[in-house]
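The following exercises concern a single structure and are meant to be worked in order. Each task is followed by a solution in steps.

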Amino acid sequence: MNVNDINVGVLAYLGDSVYELEIRNYLIKNKLGKVNDLQSNAVNYVSASSQAEILKKLLNKNVLNKEELYTINRAKNYKPNSKPKYVNIKIYKKATALEALFGMLYLENKQDRIKIIMKEILG
């Protein structure tokens, strides 16, 4: 399967789940507590504005390789069928790009890259 043949919206759909699962695992392992506490901490990583900021930091640190950057650029240029209600379209596209990255890595079974990128995100 060539991930470049997959619609980036589909990659982002899958990547959203992959990314959120990684965040939840991290929070549970490092900040054991009540579900409400876990959820409020997760928002710092999974909201569209947080994801857009995280992508910006990854790009500034030159963490991503050529293939990953290609997927991100495809996703940033993606024209969704609907517009987000509560966030600027530019922020939404950056968040979608981060999610598409995780979808691409997951489909290519690149768990090592997912872990490396998550380490950059989580510090």
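**Exercise 1.** Is Thr 96 buried or exposed, and what is its relative accessible area?

*Solution.* The model is a predicted one. First, locate the residue: Thr 96 belongs to helix α5. Next, take its relative accessible area, which is 7%. A residue counts as buried under 20%, and Thr 96 is therefore buried. Finally, list its neighbours: leaving aside residues up to four places away in sequence, Thr 96 touches Ala 12 and Ala 75.

**Exercise 2.** Determine how α1 is placed relative to α5, and describe the contact of the two helices.

*Solution.* Begin with the geometry: α1 and α5 pack at an angle of about 85°, and their axes are 6 Å apart. Angles of 65 to 115 degrees count as roughly perpendicular, so α1 is roughly perpendicular to α5. Then identify the residues involved. From α1 come Val 8, Leu 11, Ala 12, Leu 14, Gly 15, Asp 16, Val 18 and Tyr 19. The α5 side consists of Thr 96, Leu 98, Glu 99, Ala 100, Phe 102, Gly 103, Met 104, Tyr 106 and Leu 107. Sorted by class, the contact of α1 with α5 has twelve nonpolar, three polar and two charged residues.

**Exercise 3.** Which residues of helix α4 are buried, and where do they fall as seen down the axis of α4?

*Solution.* Helix α4 covers residues 66-76, and its buried residues are Glu 68, Thr 71, Ile 72 and Ala 75. Viewed down the axis of α4, these residues fall within an arc of 100°, so they line one face of the helix.

**Exercise 4.** At what angle do α4 and α5 pack, and how far apart are their axes?

*Solution.* The angle between α4 and α5 is about 135°, with the axes 8 Å apart. The two helices are therefore oblique to each other. The crossing of α4 past α5 is right-handed. In this contact, α4 contributes Glu 67, Glu 68, Thr 71, Ile 72, Ala 75 and Lys 76, while the residues of α5 include Thr 96, Ala 97 and Met 104. The classes in the contact of α4 with α5 are seven nonpolar, two polar and five charged residues.

**Exercise 5.** Describe the packing of α3 with α5, giving the angle and the handedness of the crossing.

*Solution.* Helix α3 spans residues 48-60 and helix α5 spans residues 89-107; they pack at an angle of about 65°, with their axes 8 Å apart. That value makes α3 roughly perpendicular to α5. The crossing of α3 past α5 is left-handed. Residues of α3 that meet α5 include Ala 52, Ile 54 and Leu 58, and those of α5 include Ile 91, Lys 94 and Leu 98. The contact of α3 with α5 divides into nine nonpolar, two polar and two charged residues.

**Exercise 6.** Which residues does Arg 74 touch, not counting residues up to four places away in sequence?

*Solution.* Arg 74 is located in helix α4. With that exclusion applied, Arg 74 touches Val 3, Asn 4, Ile 6, Asn 7, Val 8 and Leu 11.

Note on methods:
Residues are numbered from 1 along each chain as its sequence is written. This is a predicted model: local features need pLDDT of at least 70, side-chain atom pairs count only at pLDDT 80 or more; totals for chains, interfaces and linings use all residues. Side-chain values use heavy atoms; hydrogens and water are left out. Axes are lines fitted to C-alpha atoms, for helices over the stretch in contact, and angles run from 0 to 180 degrees between N-to-C directions. Helices (H or I, at least four residues) and strands (E, at least two) are DSSP runs, numbered from the N terminus. Angles under 35 degrees count as roughly parallel, over 145 as roughly antiparallel, 65 to 115 as roughly perpendicular and the rest as oblique. A crossing is left-handed if the near helix is turned anticlockwise from the far one by less than a right angle, and right-handed if clockwise. Contact means heavy atoms within 4.5 Å. Ala, Val, Leu, Ile, Met, Phe, Trp, Tyr, Cys and Pro count as nonpolar, Asp, Glu, Lys and Arg as charged, and the others, Gly among them, as polar. Buried means under 20% relative accessible area, exposed over 50%, partly exposed in between (1.4 Å probe, protein chains only). The arc is that of the directions from the helix axis to the C-beta atoms.
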